[in-house]
Amino acid sequence: MEKYLKDFYKHFDKAFLVTHPDFMDKFNVILRPECRIMLPEEATLTPELRIYALVSIGITDSISIAQFRHYSTQTIYNYRLKMRHNACIPESAFADTVYRFYNKDEDKERDAEDKKP
């Protein structure tokens with residue numbers, strides 16, 4: 001199972017980075033300069049980056065992320081907390097900022113629906 005998951009995540013990372021080539025640039029902008037991340041290998045995300053890649057495509061709850069990653073929810077929480085501590089923006093806005101990397105149009109549509117009588 002571990003070999004299968006490793007291969008799956010490798011393919012996920014590659015597909016995500018091909019479809020979202022600006023993810024690392026956007027992500028590093030919200031980190032303090034001394035905390036910015038360089039990918040360890042081309043088209044390979046770290047566990048923390050993979051979590052926030054999922055957040056950026058709309059999978060925001062830790063339980064779903066934990067199931068996808070085969071981690072405990074506490075592990076997901078710890079990874080998320082670690083990255084928030086490295087932010088140059090308010091920690092409380094970190095996940096929402098990452099979510100908005102690629103979900104701006106959905107937010108506009110949702111806001112327009114909320115304003116309808």
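This is a predicted model: local features need pLDDT of at least 70, side-chain atom pairs count only at pLDDT 80 or more; totals for chains, interfaces and linings use all residues.
Start by selecting Glu34, which counts as exposed at 60% relative accessibility.

From Glu34, look for its partner: Arg32 forms a salt bridge with Glu34, and the closest N and O atoms are 2.8 Å apart. Now click on Arg32 itself. With a relative accessible area of 27%, Arg32 is partly exposed.

How many salt bridges are there to visit? The count comes to five.

Next, select Asp13 and Arg50. Their side chains meet in a salt bridge, at 2.6 Å from N to O. Colour the helices and you will see what this pair does: Asp13 lies in helix H1 (residues 2-19) and Arg50 lies in helix H3 (residues 47-56), so the pair ties together parts that are 37 residues apart in sequence.

For the last stop, select Arg100 and Asp96. Here too the side chains meet in a salt bridge, with an N to O distance of 2.9 Å. Keep the surface on and check each residue in turn. Arg100 is partly exposed, with a relative accessible area of 37%. Asp96 also counts as partly exposed, at 38% relative accessibility.

Key:
Residues are numbered from 1 along each chain as its sequence is written. Side-chain values use heavy atoms; hydrogens and water are left out. A salt bridge is a side-chain nitrogen of Lys or Arg within 4 Å of a carboxyl oxygen of Asp or Glu. Helices (H or I, at least four residues) and strands (E, at least two) are DSSP runs, numbered from the N terminus. Buried means under 20% relative accessible area, exposed over 50%, partly exposed in between (1.4 Å probe, protein chains only).
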